[in-house]
Amino acid sequence: MIHPNHVAIIMDGNGRWGIKNFNNRAKGHEYGVKNIKPIIEFCISNKIKNLTLYALSKDNFLKRKKKELKNIFYLFEKYFNKQKTFFEKKKINLFFIGENTGLPNNIKKIMSSINKKSDIKNINLNLCIAFNYSSKLEIIKSFKKTLSQNKSFNTKNIQKNLFTGKINDPEIIIRTGGMNRLSDFLLWQSAYSEIYFVKTLWPDFTVRKLKNILTQFNTIKRNFGA
Ligand code: IPE
Ligand code: IPE
Ligand code: MG
């Protein structure tokens with residue numbers, strides 16, 4: 001089986017899972033976070049080099065209730081503090097894409113200290129977390145950066161100046177939770193991605209389900225317009 005180089009996942013459905021199982025949306029986010037590790041470990045053991053996870057959109061940050069966001073930030077801080085040694089031991093290069101303006105200071109600090117350490121050499125996996133992320137804003141920023149570098153607006157330059165600049169576009173994008181949309185995620189990078197919309201809510205998404213998608217992916221011929 002040929003494994004993709006880059007898998008991206010829109011981890012949707014936490015709230016509904018929490019309501020269904022505990023009558024509590026917050027529980028859904030808690031179990032959603034727990035579901036990340038087995039997916040990371042699967043990617044490492046199958047030599048999938050890049051994994052991008054959509055954890056919070058810019059619109060989530062702007063439109064979700066304060067209480068829900070507070071809980072998400074709490075889980076974020078706990079998770080990245082607790083998993084530090086796991087990431088180091090597994091040689092995972094962790095980095096964030098998205099805006100940090102407006103986020104609480106403790107979250108900004110975690111994001112920037114992790115991004116500073118980010119190093120693409122000698123690693124098993126690039127783990128990219130999209131947090132307070134908007135693909136439209138990312139594209140605008142890339143154009144602005146390209147302009148400031150006095151470079152021309154061609155695909156290569158714009159691509160390089162995206163937050164995801166150093167990594168290849170995802171061959172596969174998975175969205176859990178049953179909605180058939182991208183919700184402002186990797187709009188540029190998804191030009192030729194295979195997109196899998198699955199009904200499973202994120203906390204119930206297993207490695208087995210990921211394997212099924214990879215098997216399907218192997219039957220597909222990608223043409224890139226040819
Ligand atoms: C996705 O789950 C995670 C975040 C947006 C933080 P949701 O919170 O959107 O869960 P549903 O879609 O309401 O079930
Ligand atoms: C997209 O899910 C963002 C993440 C999963 C992080 P949403 O639940 O915010 O998407 P919409 O609002 O249903 O499109
Ligand atoms: Mg949702």
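A polar contact is a pair of N or O atoms within 3.5 Å; within protein, one atom must be able to donate a hydrogen and the other to accept it, and residues adjacent in sequence count only if both atoms are side-chain atoms. The model is predicted, so local features need pLDDT of at least 70 and side-chain atom pairs count only at pLDDT 80 or more, while totals for chains, interfaces and linings use all residues. Residues are numbered from 1 along each chain as its sequence is written, chains are lettered from A and ligands numbered from 1 in the order in which they are written, and side-chain values use heavy atoms, with hydrogens and water left out.

Ligand 1 is in polar contact with the backbone at several positions. An oxygen atom of ligand 1 lies 3.3 Å from a polar backbone atom of Asn14, and backbone N or O atoms of Gly13 and Gly15 lie 3.5 Å and 2.9 Å, respectively, from an oxygen atom of this ligand. The protein covers 88% of the 380 Å² of accessible area (Shrake-Rupley method, 1.4 Å probe) that ligand 1 has on its own.

For ligand 2, polar side-chain atoms make the contacts listed here. Such an atom of Arg181 lies 2.6 Å from a ligand oxygen atom, that of Asn60 lies 2.7 Å away, and that of Asp12 lies 3.1 Å away. Of the 390 Å² of accessible area that ligand 2 has on its own, the protein covers 78%. The residues around ligand 2 (a heavy atom within 4 Å) include Tyr54, Arg64 and Ser183.
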